[in-house]
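Good morning, and thank you for coming.

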Amino acid sequence: MIDAREAYEATGIDYAVPGRLLLDGADLSIRPGRVTALIGPNGAGKSTLLKVLSGEMRPKRGQVRVDGQDIAALGPARLARRRAVLPQDVQVAFPFTVAEVVAIGLPPGERAPARIAGALAKVDLAGFRDRPYAALSGGEQQRVQIARALTQLAGCDGPGYLLLDEPTSSLDLSHQLMVVELARQVARAGGGVAAVLHDLNLAAMIADEIVALKGGKVAARGTPAEVLTDAVVADLYGVTARIGIAPTAGPFLLPQAMARA
């Protein structure tokens, strides 16, 4: 049984910008050994909730705790040893090599070439370590950033937590499936994973639990089969859709069966 303190939790989160409430009482719990997918339409608050969870943004109201500790009390260095983050957009302003970007995931002063090489191999970039990061394609850069997050996660105190914001946005089909498998590997090793995803089929493949956001609030929460229903998808996205169920793979959505409501 998982101890109640063993979770990365955001509770009662409100977050606002001038003229707009982006999160309204939102809750999210990431458990060790499980993958949670965040879905919802554009502007629903998915990335904002992940940024609050990571500590990048401070909520107007609510609390974020990792394994029972308020993240505000941990400080950046200690928090970095509890969780690794892949933001939606990463800008690298200096002429770093691939290995230098991945090494950002290491603690200050630590040199671990074997860990860097292992992370690059996991994202199919073995042999890329000395290439200029800026010369890579968008998908290759995204895989480098995934390797950087995996490198940081490997140095966490315990299995740690992995927070992914649209990790498949620039990837081809093969590497989208790679992300699914990497997330499942982290969970099997005892880590907790949260991933913001727009592809509902990938969400169904990757997740033990899906949390659906709409208008800054949690609109649905449960297993893929419980959340990915005709009614929930219609409410979230304003489309008519028919969700199929594969006997061994769970729910799936055919784009050809969708129409705008």
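**Salt bridges, a pocket and a surface patch**

I start with a salt bridge, in which the side chains of Lys217 and Asp24 meet at 3.6 Å, N to O. The two residues come from distant parts of the chain: Lys217 belongs to strand β10 (residues 217–222) and Asp24 to strand β2, 193 residues apart. Please bear in mind that the model is predicted. Lys217 is partly exposed, at 44% relative accessibility, and Asp24 is likewise partly exposed, at 29%.

In total, the structure holds ten salt bridges. Another of them joins the side chains of Asp157 and Arg81, at 3.3 Å, N to O. Asp157 sits in the loop between α5 (138–154) and β7 (161–165), and Arg81 in the loop between α2 and β6, so this pair ties together parts that are 76 residues apart in sequence. Asp157 has a relative accessible area of 47% and is partly exposed; Arg81, at 33%, is also partly exposed.

I turn now to the largest pocket, which holds about 360 Å³ of space. Among its 18 lining residues, those closest to the centre are Gly55, Arg58, Ile71, Ala72 and Leu79. Which element gives the most to this lining? That is α2, with six residues. By class, the lining comprises nine nonpolar, five polar and four charged residues.

Finally, Phe94, Phe96 and Ile104 make a nonpolar surface patch of about 310 Å². Phe94 is located in the loop between β6 (83–86) and α3 (98–103). With a relative accessible area of 56%, Phe94 counts as exposed, because the cut-off for that class is over 50%.

Technical notes
Residues are numbered from 1 along each chain as its sequence is written. This is a predicted model: local features need pLDDT of at least 70, side-chain atom pairs count only at pLDDT 80 or more; totals for chains, interfaces and linings use all residues. Side-chain values use heavy atoms; hydrogens and water are left out. On a 1 Å grid over the protein atoms alone, a cavity is a set of points where a 1.4 Å probe fits but cannot get out, and a pocket is an open set with protein on both sides within 12 Å along at least five of seven lines; lining residues have an atom within 4 Å of a point. Grid points are joined across faces, edges and corners, and a volume is the space filled by probe spheres set on the points. Helices (H or I, at least four residues) and strands (E, at least two) are DSSP runs, numbered from the N terminus. Ala, Val, Leu, Ile, Met, Phe, Trp, Tyr, Cys and Pro count as nonpolar, Asp, Glu, Lys and Arg as charged, and the others, Gly among them, as polar. Patches are made of residues with over 30% relative accessible area and no salt bridge: like charges are joined within 9 Å, nonpolar side chains (Val, Leu, Ile, Met, Phe, Trp, Tyr) within 5 Å. Accessible areas come from the Shrake-Rupley method with a 1.4 Å probe; for residues, only the protein chains shown count as cover. A salt bridge is a side-chain nitrogen of Lys or Arg within 4 Å of a carboxyl oxygen of Asp or Glu. Buried means under 20% relative accessible area, exposed over 50%, partly exposed in between (1.4 Å probe, protein chains only).
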